[in-house]
Amino acid sequence: VSLVWNTLSDMDLEMRDPTGELVDAYNPRSRSGGVQDVDANPTLLNSTGEMRVMMGQPPGAETMLPIPEILIDPGKQFGFPGGTALPDIPGMGGKAPSKFTRTPIEHIYYKTAPKGTYTVFARCYSWREPNRNPLPILVQVRSHGKVIQEVNSTLGPASYVADGISPSQICQFTLP
C-alpha cells in the first residue's frame, strides 16, 4: 500500500491488518509481517511537543520546529544521480526511518500478507502549506505487482498537530 503527495506537509499512512494490528510510523513492524518503510516529512517537535505525544495528546502547532533546508532532498542538493545517494535518517524510539522530500511516498508492505480484510487510513499530521487548500493524495494498493485498488483524495488543512484530527479511512480491501 502506498501513499503519495507532493509537498513538505507531513502526511501519514496507517493500515489495520486482518489480525487487528495497526502498522504506522510508530509501529513500523507488525507481528504478522507488515513493514512501513519510511516516515516521509516527519514533524520535528520541541521537548514539550514530544512529551504531549508520549501522553497521547496532539502536540500543538507552537511545539513544531522548522525543517532545516539541508535535510530536504539532500541527495539532489549534492548532485547525486536520482537524488538518493544519502540514506534515510534512522527512526528514533522504534519509529520508521525519516526522509524529508518534496516528492514524498510512504509504503506498507508484506513479504507474505495474511489473508483477510485490511483497512487503510491516512492523516495530515502537520500542515506546512502557505494556503488552506486541501492537498491531493493518491493511495494505491498492489498485490503481486498488480494494482487492485487506487483512491484519489485530499487531506488537510486540519491536522493532528494543531487540531487533533484523527486518521481518515481511505479504503478497505480483502485478500482471499
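Trainee: What caps the N-terminal end of α1?
Mentor: N46 does. One of its side-chain oxygens sits 3.1 Å from the backbone nitrogen of T48 (a polar contact is an N or O pair within 3.5 Å, one donating a hydrogen and the other accepting it). Keep in mind this is a predicted model, where local features need pLDDT of at least 70 and side-chain atom pairs need 80 or more, while totals for chains, interfaces and linings use all residues. Residues count from 1 along each chain as written, and side-chain values use heavy atoms, without hydrogens or water.

Trainee: And which residue follows α1?
Mentor: G56 follows α1, and its phi is positive, near 80°. α1 itself covers 47–54 (DSSP runs: helices H or I of at least four residues, strands E of at least two).

Trainee: Where does M55 sit?
Mentor: M55 is in the loop that links α1 to β7, residues 64–65.

Trainee: Buried or exposed, that M55?
Mentor: M55 counts as exposed because its relative accessibility is 53% (over 50% is exposed, under 20% buried, partly exposed in between, with a 1.4 Å probe and protein chains only).

Trainee: New topic: how many residues of β10 are buried?
Mentor: 10 of the 11 residues in β10, which spans 116–126, are buried, so the strand is mostly covered.

Trainee: Which strands does β10 pair with?
Mentor: β10 pairs with β2 (residues 10–16), antiparallel, over 7 bridges. β10 also pairs with β13 (residues 168–175), again antiparallel over 7 bridges; pairing takes at least two DSSP bridges.

Trainee: What stands opposite D12 in β10?
Mentor: R123 does. On the β13 side, V120 stands opposite C171.
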